[in-house]
Each structure stands twice: as C-alpha cells, then as structure tokens.
There are 2 protein chains.
Amino acid sequence: MIRHPAYRIEPWRLTEDELDLDILAQSESLFALANGHIGWRGNLDEGEPHGLPGSYLNGVYESRPLPYAEAGYGYPEDGQTVINVTNGKIIRLMVDDHPFDLRYGELQRHTRVLDFQTGLLHRDVEWVSPGGRGIRVRSTRLVSLAQRSVAAICYEIEPLDTPVRLVVQSELVADEAMPQMSADPREAAVLDRPLQSEEHSHSERGAMLIHRTNVSGLQVAAAMEHVIDGPNAGGPGSVKVEAESSDDLGRVTVTATVAPGERLRIIKYVAYGWSSVRSLPAVRDQVAAAMTSATQSGWQGLVDAQRAYLDAFWDRADIEIDGDAEVQQAIRFAMFHTLQAASRAEERAIPAKGLTGTGYDGHAFWDTESYVLQMLTYTDPGAAAHALKWRHSILPQARQRAQQLGLDGAVFPWRTIAGAECSSYWPAGTAAFHVGADIADAVIRYLYVTGDETFAQDYGLELLAETARLWRSLGHHDADGQFRIDGVTGPDEYSAIADNNVYTNLMAQHNLQSAAEAAQRYPDVARRLAINDEERAAWRDAAAAMFIPYDEVLKVHPQAESFTTHKIWDFEGTTSEQYPLLLHFPYFELYRQQVVKQADLVLAMQMRPDAFTDEEKARNFAYYEALTVRDSSLSASSQLVLAAETGHLDLAYDYLGEVARMDLDDLEHNTRDGLHLASLAGVWIALVAGFSGLRQRSGVACFSPALPDDIARLAVRLTVRGAKLHLEITPKTTTYRLDDGLDVKALQIRHYDEAILLAPNEPVTRPTRRPAPLLKRPKQPRGREVKHRRKNGD
Amino acid sequence: MIRHPAYRIEPWRLTEDELDLDILAQSESLFALANGHIGWRGNLDEGEPHGLPGSYLNGVYESRPLPYAEAGYGYPEDGQTVINVTNGKIIRLMVDDHPFDLRYGELQRHTRVLDFQTGLLHRDVEWVSPGGRGIRVRSTRLVSLAQRSVAAICYEIEPLDTPVRLVVQSELVADEAMPQMSADPREAAVLDRPLQSEEHSHSERGAMLIHRTNVSGLQVAAAMEHVIDGPNAGGPGSVKVEAESSDDLGRVTVTATVAPGERLRIIKYVAYGWSSVRSLPAVRDQVAAAMTSATQSGWQGLVDAQRAYLDAFWDRADIEIDGDAEVQQAIRFAMFHTLQAASRAEERAIPAKGLTGTGYDGHAFWDTESYVLQMLTYTDPGAAAHALKWRHSILPQARQRAQQLGLDGAVFPWRTIAGAECSSYWPAGTAAFHVGADIADAVIRYLYVTGDETFAQDYGLELLAETARLWRSLGHHDADGQFRIDGVTGPDEYSAIADNNVYTNLMAQHNLQSAAEAAQRYPDVARRLAINDEERAAWRDAAAAMFIPYDEVLKVHPQAESFTTHKIWDFEGTTSEQYPLLLHFPYFELYRQQVVKQADLVLAMQMRPDAFTDEEKARNFAYYEALTVRDSSLSASSQLVLAAETGHLDLAYDYLGEVARMDLDDLEHNTRDGLHLASLAGVWIALVAGFSGLRQRSGVACFSPALPDDIARLAVRLTVRGAKLHLEITPKTTTYRLDDGLDVKALQIRHYDEAILLAPNEPVTRPTRRPAPLLKRPKQPRGREVKHRRKNGD
C-alpha cells in the first residue's frame with residue numbers, strides 16, 4: 001500500500017509533493033516513462049537513492065536455465081528474463097563539496113509531475129547541501145513517442161542564494177549493481193552483470209557504449225550527447241566540459257561556477273539500439289542515426305512532437321467522467337501508461353508490466369490480448385495490430401512447441417519475451433491453452449473494429465487457422481458426438497487441469513468458427529495455408545458440437561466439468577492474513593475446492609455474451625461472486641462488467657474504486673516491480689465495457705449504457721472502422737456521434753436491442769436505461785467484500 | 001536388457017559363467033548382498049572395473065536443496081539422497097608386478113554364484129597376469145543376517161603353476177569417486193564426496209574410519225579386522241602384514257610369496273555403525289562391539305548362522321513350482337532379495353531399490369506397503385512389523401506435513417528416506433494421498449495375518465486413526481450426502497489430480513472403517529489418541545457414503561470420475577520406440593487421455609475384491625487391459641492376479657514370464673540402478689495371490705486356487721497367526737495342511753466359498769477349480785501385448 005499522502009487529484013497529471021523513501025520503488029513505477037521500445041523507470045536523476053534502477057529495451061533479455069528437481073518431457077530448459085540495460089538517465093551533481101543526495105542535507109521542496117497531455121516527467125527540487133549551499137534543480141524527462149529510439153532530459157540548476165561550484169556528471173552506466181529483490185541465488189547469479197562490453201567511445205560532449213548479453217547474445221548500444229548552456233557559456237573558462245568512456249561507463253563532466261540568478265542547463269539526448277542479428281557496426285550506426293535525428297529535432301522539437309502525438313491520442317481516445325475526479329484521473333493515468341507500454345512496441349510483445357519494472361521477469365501473457373488489446377483496438381489500433389504481428393512473428397516457435405507436445409497448429413507460450421515457452425510449472429502454464437483462443441479473439445476483435453483486410457490476409461487468417469488446428473487436435477468428439485477439451489487450465493489459477501473449462505471451450509468454439517469463416521472469405525490465403533474443405537468442416541463441426549457443461553441442479557454453469565460438486569472453500573475459517581491464498585495454501589487444496597482467484601466463468605460471460613441467457617448471467621454471476629477472492633489484479637474489471645450487465649450498478653461502482661486505484665494505491669503490494677498493464681487496461685474496460693456496455697457481435701459495436709448513481713456523465717471516444725465515435729452518456733440519455741471529416745459514410749451500431757445507422761455529424765440520442773437486476777445484490781466471500789466506493793475519497 | 005548368456009536355470013542359485021563388462025552394473029545389482037541394514041552391491045573385490053560402486057547403510061543419506069524455477073507453498077525445500085558409504089569390500093591384489101585387473105591379462109575362467117540357501121556370494125576366477133602368472137582367486141562374501149552390523153569376506157589366492165609374489169591390500173575407502181550417472185550438475189555437486197573425515201585409526205590387522213555427512217550431519221563408522229592364513233603363516237618372514245590409515249583410507253597390506261599348491265587366505269570382517277544422535281565415542285564403541293562379536297563368531301560361525309537364518313526362512317516361506325524351472329528360480333531369487341532388503345531393517349524404511357543401488361535416490365514409496373509387505377507379512381511378519389513401526393516413527397513429520405498442508409491427521413511422504421517429503425513434483429507426489437491408505441491397509445493386513453494385539457495397541461490404531469483423520473479432512477460430503485475425494489492422484493502415474501479415483505476412495509473407505517472398528521476394539525488406546533464417539537461416527541459415515549463412480553453406459557468403473565469420457569490414447573499411432581510414454585510425451589497429454597501406466601482400477605479390484613461383482617471384475621479387467629501399457633514394473637503382477645481371478649489363466653501365465661524375469665532380464669532397462677523390490681515381491685504376489693488366489697477378508701485367509709496348464713504343482717508355505725500353513729496345489733486338488741508343533745489350535749480358512757477349520761497336521765484336500773472366464777481373453781494395447789510365455793525359454 002502506498003502510504004504516501006495521496007497524490008493530488010487532478011484530471012491530467014499525477015503529482016507527488018513529498019518524497020517518501022520507503023515507497024521509492026512504487027513511485028518509480030508510477031512515474032515511469034516508456035514508448036513501447038524504451039522504458040525508463042522514474043528513478044531520481046542522480047541515480048541514488050533508488051528502489052529499483054530500471055532502463056529497459058523491449059525484447060532485450062538474458063537466458064537462464066530453468067532448474068527442475070524432477071524434470072519431465074517437454075519442460076522448457078531455458079527461461080528469459082528482462083535485464084536492466086545501460087542506464088542513460090543518470091546525471092550526478094556535486095554542489096561545492098557535497099554530492100546532491102536527498103538522504104543528506106535538507107530537502108526544502110519536492111515536486112514530481114507526470115503530465116498525461118505533454119508526456120513529460122517534471123521534477124522540481126529545492127535542496128540545501130550539508131555545506132549550506134541552496135540550489136534548485138529542475139529536470140524534465142521524456143521518452144519520445146515520436147522517435148522511438150530516443151529519450152532526453154533537460155536538467156537545470158540554479159543556486160538559491162550564494163554562488164556555487166557545480167560539477168555535473170552525466171553518464172551512461174552499464175551493469176549497475178541491483179538491489180537483491182529475490183532470495184533465489186540462482187536467479188541473482190544470472191542477472192548479475194548481464195552485459196559484456198563490446199566497444200566504448202566518447203566524443204567532445206558525448207559517449208557510446210556497446211555491450212552484448214552473455215547467453216542470449218543480444219547486442220545493446222546506448223549513446224548520449226549534450227547541449228550545455230551556462231553562465232558565460234562559450235566564454236573562456238566559465239563552463240568546462242570533459243568526456244571519457246570505459247567498458248561500462250560513459251561520462252561527460254560539466255564544471256561551472258554559477259551565481260544566484262544564473263542557471264546551468266544541460267540537455268541530454270540518449271539513443272538506444274539493439275539487435276540479435278545485426279553486426280556491431282550496424283548497431284553502432286543505427287544508434288548514431290537516432291542520435292543525429294534527436295539532436296537535429298532539438299529539445300523543443302522533441303517536446304512539441306511528444307505533445308502532438310498525445311494530442312492525437314487523446315483526441316481519438318479520451319474518456320471524461322463527471323462526478324468522480326479520482327476515476328477521471330485514474331482512467332487517464334491508465335490509458336497514458338497503456339499507450340506508453342504499447343504505442344511504439346512495433347512487433348515486440350507488450351509485457352505484463354510494460355517497460356516499468358522487472359515483475360513477471362518481463363514476460364508477456366494472455367492478458368495482453370484479453371485486456372490490453374481491448375483498449376488498444378479501440379484507441380490505438382495500429383499498436384494492437386503490431387502486438388498481433390508480434391504473435392505472428394513467433395508462430396515458428398509456437399508451431400515447434402505444438403510439435404514437441406504432439407499437437408497440431410501452434411501452441412503459444414504461457415509466458416515469454418522472445419517466443420519460447422518460459423513457464424516451468426505446466427499445470428498453470430502450458431496447460432492454460434486458452435492463450436491461443438485469446439490471441440484469436442484479439443484477432444477477431446481487431447478485424448471487427450478496423451475492417452483491416454490486409455491484416456486479415458497477411459496475418460489474421462494464419463493466426464486463426466493455427467490456433468484452430470490446435471483446438472481440433474487438443475479436443476475430441478466423444479461417444480455422443482460432443483466435442484470435449486479435457487485436462488486444461490482456464491484463466492482462474494486456483495483451478496487447473498480440469499475437463500471442459502467453460503471459458504476455454506467457448507473461446508475455442510469462437511476460434512474454430514471464426515477460422516472456418518475467415519478461410520472461406522479468403523480462399524487464396526486458405527490455399528496458401530493448406531486449409532482445405534475437410535479441415536474447415538472439421539473446425540465447424542467441432543465448434544458446433546462444443547460441450548458446455550451445465551449444472552441442472554444448481555442451474556449454473558460449472559467453471560469446468562464437476563466444479564460445482566467440489567467442496568466450497570472454508571471462507572469463514574480463512575483469515576485476512578491468509579490472502580492471497582496461494583502464499584498460504586498448497587495448490588492441490590486450491591485446485592480441488594470451489595474457490596476462484598480471478599474471473600473465469602465470469603470472463604466467459606464477458607467475452608462470449610451471446611452464449612448465455614440473461615437469467616444464466618444473473619445466476620452465474622451471483623454464484624461466482626460468492627467464490628471469487630480477487631487474488632489477481634485481473635479480476636475486478638470483469639466482475640464490474642458483469643455486475644453492470646446484470647443490473648448491479650451500485651456493486652459495479654464499488655468495483656470501480658478497486659479497479660481504478662489498483663496501482664495508484666498499490667492494492668496488490670507489488671507495484672514496486674512495475675505497473676499491472678492489464679489491470680490498467682481494466683479501468684478502460686470497466687468504463688467502456690462496463691458502463692457503456694460495449695460488446696462486439698458479428699462486426700457490430702453494441703452498447704447498453706447504464707450509469708451508477710454517482711456518475712453524472714460519461715463521455716467516451718472510440719475509433720471504429722477508422723471513424724471517431726463519440727458517446728455522451730448521462731443517466732437520462734445517450735448520444736452517439738460520428739466525427740465528420742473521415743472517409744466513413746455510415747456506421748452500424750446497436751443501442752441495447754435497437755440497430756442504429758450512424759451518419760457523420762448526425763448525432764443520435766436515445767434514452768439511457770437502467771434495467772432492474774433479476775436477483776438481489778450478490779455477496780463476495782467473507783473478508784473479501786468489495787469496499788463501498790466513497791467518491792473522491794470522502 | 002541383459003544380453004548376457006542366460007544365467008543358468010537352477011532352483012536355488014543364480015550363476016554367472018562369463019563376465020560381460022557392458023552389463024557389469026546390472027550384475028552388481030543382481031549379485032548384491034544385504035540384510036536390510038547394510039547393503040553391498042556385487043562389485044568385484046578389487047574395486048575395478050565397476051558399474052556403480054555401492055555400499056549402503058539403511059537410513060544414511062545426504063540432504064540437497066530441491067530447486068524450483070517457480071516455487072509454491074508447501075513445496076519441500078530439501079531432498080534426501082542415499083549415499084555410497086565407506087566401502088569395506090575392497091581387496092586389491094598385486095600378482096608379481098601386475099595388479100589383478102580383469103581388463104588386462106587373460107581371464108580363463110569366471111564364475112559367480114549367489115546361493116539363496118546359504119546366503120553367500122561365491123566368486124571363482126582363474127586369471128593369467130600380463131606377466132604370465134596364473135592364479136586362482138576365490139572369494140566368498142556375506143552380509144550377515146544374524147549379526148546385522150557385520151559383513152565378511154573370505155578371500156583365497158592360489159598360484160596355478162609358478163610361485164608368485166602376492167601383495168594384498170584390504171581396504172576401507174570413503175568418498176570413492178563415482179561414475180557420472182546423471183547429467184544434472186546440481187545433483188553431482190552434492191553427492192561428490194558426501195563424507196567428511198572425523199577420525200581414523202588402525203591396529204595390527206585392522207582399521208577404523210569415522211566420517212560425518214556434510215549437511216545431514218550423520219556419523220558413519222566402518223571398521224575392518226583380518227585373519228590371515230598363508231604359507232608358513234606365523235613363521236618368520238613368510239607373510240608380512242602392515243596396517244595404516246588416513247582420512248578416507250584404511251589399509252591392511254599382506255605380502256606373501258606363494259607356491260603352487262599353497263594358498264593365501266584372508267578373512268576380512270567388516271563392521272558398520274551410524275547415528276544421527278549418538279556421540280563419536282558411542283558410535284566408535286558400537287562398531288568395535290560389532291567387530292568383537294564378528295571375530296568371536298569367526299568366519300565359519302557367521303556362515304553357519306547365515307545358513308540357519310535362511311533355513312528357517314525357507315522352511316516357513318518356500319514356494320515350489322513344478323513345470324517351470326525358470327519361474328522356480330525367479331521366485332526364490334525374488335524372495336531372497338526381498339528378505340535381504342527387509343529382514344534386519346528394523347524400524348528403517350524398505351527403499352524401492354532395497355539396498356542394491358541408488359535408483360529413486362534411495363527413497364521408499366507406497367509400494368513397500370502395497371507390494372513388499374504383502375509377501376513379508378506372510379513370510380517374515382517380524383520384518384513387516386518393523387517396516388510399519390518405521391512408518392509409526394515418522395508420524396511426527398507426517399503430522400507436521402498435514403498441518404502445513406492444512407489437513408488433519410498424518411500426510412505420509414510420497415518419497416523419503418528419513419520421513420520428510422522429498423517429492424518436488426506434487427501432482428505425482430503429494431497429491432497421491434493413497435499412500436496413507438496403503439499404509440493403513442498394510443497395518444490391517446498385518447493385524448489380520450498375525451493377530452498381533454500388542455502391535456495393534458502400540459502402533460496399529462494410531463496409524464489407522466491418523467490416516468483416517470487425513471481422509472476425513474481431505475474429502476467432503478456433497479449435496480447428496482456422498483463422500484467425495486476430489487483432486488487427488490491414484491496409483492496410475494499417467495493420470496493425476498482427478499476426482500474420486502476409485503482405488504483411492506475404496507482404500508480410504510477401508511481405512512476409515514478399520515480405524516473406527518479398531519478404536520472401538522481398543523477404547524483405552526482410543527482415549528489416549530483423543531478419538532471420541534463423534535470422530536468414530538464421522539469415519540463410519542464417510543466410509544458408508546464413499547462415492548464410487550460407475551459408468552452406466554460402458555458398464556465399467558472409471559479409474560476416476562470422468563475418466564471414461566476422455567479420449568482413448570492413439571495406440572495405433574504410437575511406435576514401440578515411444579515407450580515408456582513419459583519419456584516421449586508431456587504429462588498433460590498423458591493425464592487427459594485414457595492411457596494407463598500401471599494397474600490402478602485393476603489394483604483396486606485386487607486390494608478390495610469385496611467391492612466388485614464377478615461381472616464387474618471381468619468387464620473392468622477387459623476394459624483396462626486395453627488401456628494399460630505397463631510402463632511401470634509394478635503393473636504386471638496385478639494384471640496377472642486379476643487375469644487369474646477372471647479365469648484367464650493362460651493370460652496370467654503369459655504375465656508370469658514378465659513378472660518373474662523383470663530384473664533378471666532387465667526388462668525396464670534400469671536394473672543397473674538397483675533391483676525393483678516391489679516388482680520382486682510381485683513374483684510372490686503373482687503365485688500366491690494369483691494362482692492360489694489368496695485374499696484376506698475380515699481376518700480370514702481365503703483361497704481360490706487355479707493353475708495354468710503349464711504348472712503341474714504349486715506348493716506354498718505361509719505363516720498365518722503364527723502357524724505354518726502349507727498349500728499343495730495341483731490341477732486336480734488342493735491340500736491345506738497346518739504344521740504341528742505350533743501353539744495354534746485351529747485355523748479358519750476358505751477354499752472358494754467353503755469355510756474350512758484347519759487343525760494341526762490334519763490336511764484337508766479339496767478339488768482345484770478352473771472357472772471359465774465370463775468374457776473372451778482381453779487384449780493389451782497394440783505394441784504392448786504381453787509375450788506368450790514359452791516355458792523355460794524354449
């Protein structure tokens with residue numbers, strides 16, 4: 001829990017007014033900057049104190065052996081772990097005789113501001129050194145969304161009352177010493193000094209370091225250049241600059257004596273590049289080119305481009321919420337960070353923690369497709385396409401994995417950086433085959449929302465077909481002809497290796513159907529992929545015969561076959577200290593009882609709304625609410641969505657507090673390792689799928705808006721079929737408006753059960769409904785009740 | 001496969017007439033000597049060449065950390081691995097200038113004989129050194145059954161044609177260099193040099209070494225003494241003896257020049273002791289006392305005692321089989337080794353490989369109770385009692401484990417040496433809770449067969465109660481009142497974490513019932529164990545309501561709930577190179593399909609014959625025969641037993657070949673790591689439970705003898721209620737005879753459905769039946785058909 005005095009509630013910024021060293025690591029995650037390619041944690045410029053120093057390049061990892069006391073066939077032998085690459089953020093400062101270090105001297109004022117409109121991280125500090133010298137330090141940092149290989153810092157120092165002698169050391173540091181985050185000595189052994197020096201150089205005001213990772217053999221280059229502006233700059237003797245470099249250090253030292261009213265200003269440009277295939281000269285040139293581009297743009301050019309990039313994003317994607325300033329801030333915080341994680345990833349994965357920390361080893365999981373891509377598809381469809389193209393790029397590894405496992409098509413890894421399966425615990429890894437259907441679902445969603453035929457033909461059908469092939473080989477028709485998928489693990493990680501998980505079977509059904517349809521639609525591509533009529537028929541048959549278990553006695557869907565016959569977890573006998581359960585109970589006890597870590601059957605109802613009647617949704621939702629402990633940050637947003645759909649808007653609003661503040665309030669106690677991207681995307685899902693009721697059915701965006709009492713207005717901007725779609729929801733009415741100026745003649749949507757053909761700039765207004773729930777408000781397990789949402793923390 | 005020219009088929013011995021260095025490790029296992037306390041592999045006296053040097057002390061292990069790439073709550077952190085203790089077998093020989101090493105010079109004659117009647121291992125070799133000196137070396141080795149801390153060797157050398165100068169170095173060697181058996185560097189790191197020297201000393205003709213294991217901290221002592229008899233022994237200058245010792249070596253060197261017709265004879269006595277708690281002086285004295293006892297007995301005394309011990313065993317336990325000499329040899333080989341593994345274990349575990357090798361890390365599993373104790377209870381009941389007392393002795397660890405897992409009573413480890421769970425793969429480890437019921441079943445069997453009331457009160461009831469408590473907390477009554485045990489793993493390791501495994505539920509039912517009955521029978525003990533009426537009632541209720549799933553459509557019992565709805569393994573598409581399947585397919589594929597590694601439902605029918613009708617047995621047997629691939633050496637004996645019971649005597653006879661020759665012919669390709677004790681006990685089970693049809697029901701030994709065509713006569717000796725019971729089965733008649741001279745007035749038995757009260761020395765003869773099978777002979781999976789048994793290899 002961040003016990004910091006709450007961040008200011010502001011619509012477009014996150015502001016910290018006090019520095020609390022105990023939660024430094026959390027704030028480093030919250031104030032992280034990234035563009036999907038480079039990630040810089042919000043470490044202090046001077047490097048120390050730090051929680052977790054972090055500079056990341058998407059895709060740069062080190063391999064490490066995965067140990068097993070008892071190995072088994074098909075267990076992955078090597079894991080991949082994100083590494084802290086060359087730190088280009090560091091600017092150390094000496095004030096007369098004292099290093100600028102907030103642990104000493106007196107910090108008189110401290111502000112950090114992350115601005116979601118400008119994409120800049122500002123810091124403004126007034127500090128008096130132990131020697132009594134007062135200074136003001138301002139830094140502004142950006143990781144460029146416009147130039148993906150570039151980051152920059154504007155660093156300014158002013159004396160407060162007496163002249164000071166300043167020595168600024170701006171550095172590139174490789175193989176920084178890392179704090180011990182894990183007690184596992186094996187892990188530390190590999191991650192200690194992952195970079196081997198290949199080359200280092202320096203020029204008048206710059207330096208470059210090139211390294212290679214030890215085992216994975218990736219080449220990583222970082223360069224810096226500086227523009228220095230000080231008292232009498234350029235004049236004789238006033239500001240002195242020296243540069244040097246060694247294996248793991250590039251350093252530019254600026255010395256100046258600055259009087260009150262004067263200022264020393266240093267612009268630091270940093271460029272990164274890496275490659276697994278290109279030669280050292282090629283990587284060196286790539287970074288030099290990025291640097292040239294950065295310096296030619298100049299600081300103001302980069303700042304302007306950042307603003308323009310974000311203006312365009314907010315123009316097509318902003319969400320306004322009246323009546324809840326906290327949620328207003330949270331949704332923009334969430335969307336800003338999601339954009340940062342994905343926007344320029346460009347055929348690399350979007351990891352679970354983005355590029356904000358080393359949590360989950362930097363791996364990407366299924367929730368990128370099932371959560372993050374929900375938002376991106378409607379707000380930054382190009383980024384969604386790139387994320388799916390990355391999945392397409394790892395098809396060779398996924399096919400090889402399928403072959404190893406004796407299956408057809410592609411088995412996508414449960415967790416990975418570069419495509420190989422890195423999960424060493426197969427019951428909650430390889431057995432969670434639903435990741436394939438989740439990717440297929442993201443493909444289908446992307447095609448629905450964008451109508452991108454080129455993507456469908458070049459990437460989409462192949463992804464659908466290879467995952468459909470997997471399902472066809474994984475399941476079988478039983479004696480009654482039903483298609484069963486036995487012994488797999490669904491989204492809920494408190495169950496494993498069960499037969500006919502409803503979520504998995506419904507998602508596989510959709511996958512098989514869609515693959516068959518897409519193959520019919522693109523016969524030439526189908527031929528290239530060797531999909532024949534027989535195969536399409538087999539997919540259709542399997543989909544049509546898909547077995548969906550149902551408990552006729554309880555009148556609910558079991559999460560998986562037999563689930564509802566299991567013992568119900570002893571919630572009464574479980575203390576609050578025993579959550580999360582996985583840290584206090586063995587897997588087998590969790591697996592064999594009715595206790596749910598995270599939405600599974602509920603997620604099925606969200607993702608396959610067509611597969612359940614309203615009554616089934618109401619009954620199922622009530623049943624699983626009583627079993628779901630939300631030990632995963634993924635859960636609350638899905639529960640919110642179904643609470644809203646089943647008419648429990650007050651419950652949905654209560655969930656909104658949890659969803660919105662997950663990382664801001666560190667509810668899972670691990671924000672220090674990085675932000676939860678899927679949980680952040682969940683804020684968007686909560687508002688859009690929850691309160692506007694957005695679902696995608698057969699290529700049509702369907703809405704069923706309904707607002708809880710405390711929300712006076714919800715305005716949503718979406719991109720659908722290239723058009724900007726505005727929703728303006730109030731308790732009484734909902735107005736749909738299609739932006740003009742776009743090459744879209746009309747857009748088919750649905751408002752509840754009414755089909756509406758929306759023409760540009762011809763808004764349509766309809767009443768907002770508020771359907772009564774069929775059942776009374778469901779309860780969560782004792783001790784895990786969702787908190788009543790007090791608006792704005794009152 | 002041992003490609004050695006078949007061992008001679010002899011009723012009482014195993015003879016090797018040729019030395020094949022390629023299968024040295026296998027023969028070292030087959031020729032191993034042990035007494036349950038000390039184990040000596042059949043390594044050559046001179047130490048090299050070797051397959052796997054091995055000297056073991058039951059209970060002596062080293063700890064090693066169990067690595068996990070992803071750890072989980074309740075995963076055991078440390079494993080236990082059997083270690084090679086101080087080698088007391090080594091007697092090196094120098095013949096003039098050449099070491100006696102069979103890889104050099106010329107081996108003119110080689111014989112090794114393991115004698116099941118005398119308990120001696122004889123070796124007789126004629127060898128010509130590279131220098132042209134011919135010698136005959138005879139050694140006789142014993143590990144004393146009468147004096148459990150003692151082993152001894154009689155070593156004799158005679159020149160064949162010219163006088164030779166002989167140097168004999170009789171040694172104790174600690175921390176021998178071991179061949180690399182595993183590719184896992186972590187394992188080797190720990191097991192390399194597990195012993196740290198604590199003390200070493202030597203006397204005129206002896207030496208003692210005391211060591212301590214590094215991590216587990218066990219003190220291990222070994223001593224040797226010699227009696228030397230050579231030409232002109234005692235005369236001046238002819239035979240010289242020197243002794244020395246250092247940290248890891250004790251050496252007595254005997255030098256003599258021996259002429260043809262003369263002989264150098266060395267008797268080597270070796271004594272071992274170890275302790276986890278006693279002081280070094282105490283352990284030193286313990287070994288010295290054992291040595292004194294040995295030397296006072298003298299070689300002939302030890303030989304005589306060994307013979308007497310075995311005479312008594314064979315007198316009460318021998319099995320004669322007419323018509324199949326190969327099986328006759330196999331049963332005595334099997335019983336001899338089972339006796340060696342268990343007889344003097346005395347409150348230590350009986351490991352899966354006995355003390356014959358390092359396979360399975362030296363761990364004991366459930367099959368000790370379910371297989372090995374079947375034989376021991378009827379043939380060496382004292383050893384059976386000791387094995388169960390060992391289980392009783394580890395109750396504290398088992399209770400602690402239950403507590404850790406959130407369960408009541410005791411959770412016995414899946415694999416262990418000293419009591420702690422050492423299984424790092426819980427789906428096939430901790431989840432296989434049936435081990436608790438298997439132990440309870442062995443207790444019930446032991447009490448039935450012996451009527452040992454003292455044991456019942458001091459050990460039995462507590463074991464029954466603590467396992468019953470486990471079942472009561474592991475299962476639950478569902479909405480219909482049925483008692484379900486969900487999410488556990490049965491004996492078949494190609495399934496895991498399934499609901500209501502029939503074997504488990506039936507065994508748990510018996511466990512619960514028996515615990516309730518025993519608590520009623522011994523109210524004082526029950527009070528001490530805090531068993532009250534409510535608890536007994538809960539046990540009885542759970543047993544009475546135990547859910548046993550049944551497939552009404554197929555009319556068979558599913559191995560576990562839903563099993564019969566799973567896909568049937570593609571046996572047609574599986575090549576013979578893909579067996580054992582676990583080395584070529586991932587667990588999840590095995591778990592989710594109908595394919596059976598080893599008897600599970602079939603074992604349930606063997607262990608709970610009362611729970612199935614004859615028709616169910618016939619149908620179930622046929623169904624599971626078609627699914628069972630016998631990738632475990634445990635399987636065939638159970639399949640044999642049910643084949644016999646369902647009237648398929650020809651099939652049972654075919655299985656007999658596989659069962660009888662498992663280790664002798666190295667059918668599992670890992671006899672080099674040690675013998676499969678449970679599989680050896682399986683030979684006894686095959687003959688006794690299979691062809692005499694022995695089952696235990698409510699304290700009565702029930703027989704339903706039936707012989708396959710090729711067996712002309714089967715004579716079985718059993719110990720029941722302290723009485724010797726003889727069976728004489730021919731195809732026509734079966735005669736039951738109770739030995740006289742015992743303090744038993746009469747014994748209740750059953751012959752098929754006839755109750756017989758047997759009085760001492762009043763044999764009863766009844767017709768042997770041969771019931772016709774209800775169904776036609778079942779088939780095994782393609783490629784795994786049981787071989788037609790050709791009698792005596794013709």
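This is a predicted model: local features need pLDDT of at least 70, side-chain atom pairs count only at pLDDT 80 or more; totals for chains, interfaces and linings use all residues.
**Entry 1: a buried pair**

I started with Arg789(A) and Asp324(A), and both are buried (under 20% relative accessible area; exposed is over 50% and partly exposed lies in between, with a 1.4 Å probe and protein chains only). The two form a salt bridge, with the closest N and O atoms 2.9 Å apart (a side-chain nitrogen of Lys or Arg within 4 Å of a carboxyl oxygen of Asp or Glu). This pair links distant parts of the chain, 465 residues apart: Arg789(A) is in the segment after β32 (764-767), and Asp324(A) is in the loop between β20 (319-322) and α4 (325-342) of chain A. Helix and strand names follow DSSP runs, numbered from the N terminus (helices H or I, at least four residues; strands E, at least two).

Residues are numbered from 1 along each chain as its sequence is written, chains are lettered from A and ligands numbered from 1 in the order in which they are written, and side-chain values use heavy atoms, leaving out hydrogens and water.

**Entry 2: other salt bridges**

I looked up the total, and the whole structure has 136 salt bridges over all chains. One of them joins the side chains of Arg123(A) and Asp45(A) at 2.8 Å, N to O. Here too the partners come from distant parts of the chain, 78 residues apart: Arg123(A) is in strand β10 (residues 120-128), Asp45(A) in the loop between β3 (38-40) and β4 (55-57) of chain A. Both Arg123(A) and Asp45(A) are buried.

Then I checked Arg769(A), which forms a salt bridge with Asp753(A), the closest N and O atoms being 3.3 Å apart. Arg769(A) sits in the segment after β32 and Asp753(A) in the loop between β30 (747-751) and β31 (754-758) of chain A, 16 residues apart. Are these two buried or exposed? Arg769(A) is partly exposed at 40% relative accessible area, and Asp753(A) is exposed at 54%.

I also found a network of salt bridges linking Asp315(A), Arg717(A), Lys724(A), Arg737(A) and Asp739(A).

**Entry 3: between the chains**

Contact here means heavy atoms within 4.5 Å. I get 49 residues of chain A in contact with 49 residues of chain B. The two chains bury about 3800 Å² between them, 54% of it on carbon and sulfur atoms (accessible area, 1.4 Å probe, lost on putting two parts together and summed over both). Tyr73(A), Phe588(A) and Arg592(A) supply 18% of the area that chain A buries against chain B, more than any other three residues.

How many salt bridges are there between chain A and chain B? The count is two. In one of them, the side chains of Arg415(B) and Glu70(A) meet at 4.0 Å, N to O.

Which elements of chain A each supply at least two residues to the side that touches chain B? They are α9 (453-474) and α13 (587-591). The most comes from α13(A), with four residues. By class, that side of chain A has 25 nonpolar, twelve polar and twelve charged residues (nonpolar: Ala, Val, Leu, Ile, Met, Phe, Trp, Tyr, Cys and Pro; charged: Asp, Glu, Lys and Arg; polar: the others, Gly among them).

I went to the largest nonpolar core, where Trp684(A), Phe691(A), Trp684(B) and Phe691(B) touch the most other members of its 483 residues (a core is a set of buried Ala, Val, Leu, Ile, Met, Phe, Trp, Tyr and Cys residues joined through side-chain atoms within 4.5 Å). Leaving aside neighbours within four places in sequence, Ser370(A) is in contact with Asp438(A), Arg445(A), Tyr503(A) and Met607(A).

His751(A) lies in strand β30 of chain A and is buried, with a relative accessible area of 3%. Among the residues it touches, not counting those up to four places away in sequence, are Phe703(A), Tyr736(A) and Arg766(A).

Most residues other than glycine have a negative phi, and most peptide bonds are trans. I looked for exceptions. The peptide bond from Glu48(A) to Pro49(A) is cis, with omega near -5°, and Pro49(A) is in the loop between β3 and β4 of chain A. From Tyr579(A) to Pro580(A) the peptide bond is cis, with omega near -5°; Pro580(A) is in the loop between β23 (567-568) and α13 of chain A.

Arg721(A) has a positive phi, near 50°. Its place is the loop between β27 (713-720) and β28 (723-729) of chain A, where Arg721(A) is partly exposed at 37%.
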